[in-house]
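The following paragraphs lead the reader through selected features of one protein model.

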Amino acid sequence: MKFINFSRYMSLAVYSVVTYLLFSFLTTLTTFEKLWNWWSQHLLKVFDAHNGNDNFLFSGYSILLFITGVMITKIASDFSIYHEKRPWQFNYRYPSLMLSVIFVIVFWTILNFDGGRQNPFDFLLANLWLLIGFSFLPLLHTLKNIIISRNVNTPINEHDWHSSTKHVATEIEKALSSTNSDNNSIRIAVLGKFGVGKTTAINLAVDKLKNKKGLPKFIHCNIDLWGVETESIIQYVLDEVLIALGTEVDMCKFRSLPSHYISAMNAGNTPFKIFAAFVHKPTSPDALLKNLSDVISAANLRLLITIQDLDRNQKAVDSLHALAGLLDRLEKLKGIDYIFAGENTTDFSATLLRICPIRFDFSVPNLFSEINQLEIKLLDSDTKEYYKKVLVRDDLPQCQTLIDKLLPSFRAFNTFEIQVKAVWKYLNGEVLLYDLMLLEALKGNYPYIYDVLIKLFHDTSFKSQLFVDFFESNFLDSSDFEKHIVEESLWYFGFISSRVFSSDKERSGQSIEISKDLLSEHVLSFNTYPHILNSIIEGRLTNERFRQRDVFNNLNKIVLGDESAIIELCNAVKNQETSKFWLDAIKLYGWSMFYNEIRSQKTVKSLFKNAVNLNNSRASLELMVGFSPRDYSIKEDSILMAYLFSDEIIEDMFNERHAFTYGTLFALLHIYSKFSSFGRFGSSTVKYKTPMNCFVMRLVNSEDPLSVAILLNLFTVDTAEVLDLILNLSNETLNVTKILFENTDFNDVSACLNKLAERKPTMSTEGFDGIKKDALKVVERAISMK
């Protein structure tokens, strides 16, 4: 390569002489001379008027020189002689054409010095502005490069690399570090699905090679061919190669004159048309690559071309065939290696085997552990405990395996992780984590399955449908894998009770139904509250008044004895908009917190007292019914249960009877009746009938009109549910109650009955007789059924 180095220096010397002679010739032309004089006089007039003619530093002549220096650098940049990424770089093996430019400027400056008339110091001082102008853009670009290098992202920590990425990166590094005895280029194929880490592995390998000593300087030219037309793909690749090499060495020799210069030279009948014909001469790709190979070797460089995303084009096969010939001819060119990165499709296999003898493959990654780690990040111990309480279960619904199947690559997982974290920030505690994760995974990778599921959830008219019919109407052209994804998704959300395609015979799907009746009912269920699904879709809580975390925090405060929290609970239950949301929370998990976590009898008494005194018959009834136990998971030392089966509650509730409404006594007896199943499945038997009889007997024995009205109000409701409650009373209690009713007349209890029933207008005598008759009938029926 010594010949190329000598030839380069000789060429630069010739360019310098020719440029100076051409410049000298042009300045003798009348047109250029007039233009130069006009421009010089204009600047001298403007600046010397302010600075004085004797000020060499700020004279019009100095400003002219400064602008000239800036323009020279700018024109050199347009001609690919100067590059902002190498403002001061000098490669002695292959020097830049800027050397000729500098020589011409220095030679012109020396010849313009008149030693007899000018002081050498004043002359140098005046021409200093030419040097400043010439250095102005390089200084700006140096500052810009420093700022960019400081703000550049920190390299990926080696511990963060995936094992497959590490392995492929190491293999690429080994392959590129090897030396060929025949000096042929190294040609590598890196294959795998989009996003598995191909680019990361290549970049990691290149970064290591750049830091190795004893090797030529690496230049990495990454070419993304996504969207490049087949007809222009060769020219696009060559242009990108020249741009990449231009950051290290002068590529003026290989690049055409900028298009806007060509257009200007072709405009009108001028001599410049002749120049345009010579500077816009096309070069064959083979010749260009051969010359580039010589320059790369001479400059002690090594070019690595990475070709990516070709497989994502619509005419990917045609594009590969068009490019294959060029890549194949690179084999004999020294200093130019390439890596083809794409998906391992069957259409590419034969061609890649010919042009890439070295091949590294990525498998589809197993992201199970990454999904588990994401769960750990998002669910701290307090959040897990919260979910266990609101769901009243120790295990949270999970579907890591299904999500792993939906995410084809590490890039897909990274995108998925960012989306989940962004939404979880607003919906933590309001949705189930794996509900959110599964829907996000479907939305990002199988949007048509996601859309069908969302439509199914929103379809209020949908009741049930045979699985086969549902599948054929929505996923007729789906693959077996997509069938499996649909099946697993429906099974996770509870639309089907068993897998369909998991069986040996797909015909089993003929009898399996998709039904909304199978969906689980809990406080975070899509089926219970539509706003939960809408919140996941929008990535925010769509109804701030339905925030489950707020309900839980309130119940937790009640458990700790906060009286104001009890008042807040009662107000929420009275509110028509929020009543159902809060009552459902109590029925589904709040009751368990009350029974197992309240540690003060004072809190229990306050809870019952406020529930009775709600001044809203509907809210009072539903809240007190919510205190009923739902399963056997009640601790033996439960304060609430101890209070329920004590004499204190009898007297406390009797003293609060003035606040009773039509459903209060029913709610109290209903609470006790829910203990009737205790004694099964290993639970302890509870004598629940005793306090029920005590309540009724306390009202009977008081013989005051309000107590009688309360009893009459209960016994007049002839329903199976009320009859079941009454049948828990003993014969003695029923008989004394019957005698009490028989001895009651209209004038004694009419006012109290009107108050309990919130009746307007007031009750008539005939109406009272009907109530009394109905109550006696229910009592007698209960006695007869004993």
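A salt bridge joins Asp584 to Lys580, with 2.7 Å between the closest N and O atoms. The model in which this pair is found is a predicted one. Both residues belong to helix α25, which spans residues 579-597, and because they are four residues apart they are separated by about one helical turn. The two partners fall into separate accessibility classes. Asp584 has a relative accessibility of 14% and therefore counts as buried, the limit for that class being under 20%. Lys580, with a relative accessible area of 49%, is partly exposed; the class of exposed residues begins over 50%.

This pair belongs to a set of 25 salt bridges in the structure. Another of them is formed by Lys193 and Glu343, whose closest N and O atoms are 3.5 Å apart. Here the link is between distant parts of the chain, 150 residues apart: Lys193 is in the loop between β1 (187-191) and α7 (198-210), and Glu343 is in the loop between β4 (336-342) and α13 (346-355). Lys193 is partly exposed, at a relative accessible area of 36%. Glu343 also counts as partly exposed, its relative accessibility being 24%.

A further salt bridge brings together the side chains of Glu780 and Lys738, at an N to O distance of 3.8 Å. Glu780 is part of helix α36 (residues 765-784) and Lys738 is part of helix α34 (residues 731-742), so this pair ties together parts of the chain that are 42 residues apart in sequence. With a relative accessibility of 38%, Glu780 counts as partly exposed. Lys738 is likewise partly exposed, with a relative accessible area of 23%. Salt bridges may also be joined into a network, as they are for Lys377, Glu417 and Lys421.

Which residues illustrate approaches between separate segments as C-alpha distances? Met697 and Thr737 are 40 residues apart in sequence, and their C-alpha atoms are 8.1 Å apart in space. Met697 lies in helix α31, which covers residues 689-702, and at 18% relative accessibility this methionine counts as buried. A second example is given by Val295 and Asp250, which are 45 residues apart along the chain and have a C-alpha separation of 9.8 Å. Val295 is placed in helix α11 and counts as buried, with a relative accessibility of 5%.

Six cavities of 30 Å³ or more are present in the structure, and the largest cavity holds about 60 Å³. How is the lining of the largest cavity divided among nonpolar, polar and charged residues? Seven of its residues are nonpolar, one is polar and one is charged. The lining consists of Glu375, Leu379, Tyr387, Leu396, Pro397, Gln398, Leu432, Leu433 and Tyr434. By class, Glu375 is the charged member and Gln398 the polar one.

Attention now turns to the backbone. Most residues other than glycine have a negative phi. Asn300, although not a glycine, has a positive phi of about 55°. The residue lies in the loop between α11 (285-298) and β3 (301-308). Asn300 is partly exposed, with a relative accessible area of 34%.

Asn615 provides another positive phi in a residue other than glycine, with a value near 60°. Its place is in the loop between α26 (601-612) and α27 (617-625). What is the accessibility class of Asn615? Asn615 counts as exposed, because its relative accessibility is 77% and the class is defined as over 50%.

Leu99 belongs to helix α4, which comprises residues 98-111.

How values were computed: Residues are numbered from 1 along each chain as its sequence is written. This is a predicted model: local features need pLDDT of at least 70, side-chain atom pairs count only at pLDDT 80 or more; totals for chains, interfaces and linings use all residues. Side-chain values use heavy atoms; hydrogens and water are left out. Helices (H or I, at least four residues) and strands (E, at least two) are DSSP runs, numbered from the N terminus. On a 1 Å grid over the protein atoms alone, a cavity is a set of points where a 1.4 Å probe fits but cannot get out, and a pocket is an open set with protein on both sides within 12 Å along at least five of seven lines; lining residues have an atom within 4 Å of a point. Grid points are joined across faces, edges and corners, and a volume is the space filled by probe spheres set on the points. Buried means under 20% relative accessible area, exposed over 50%, partly exposed in between (1.4 Å probe, protein chains only). A salt bridge is a side-chain nitrogen of Lys or Arg within 4 Å of a carboxyl oxygen of Asp or Glu.
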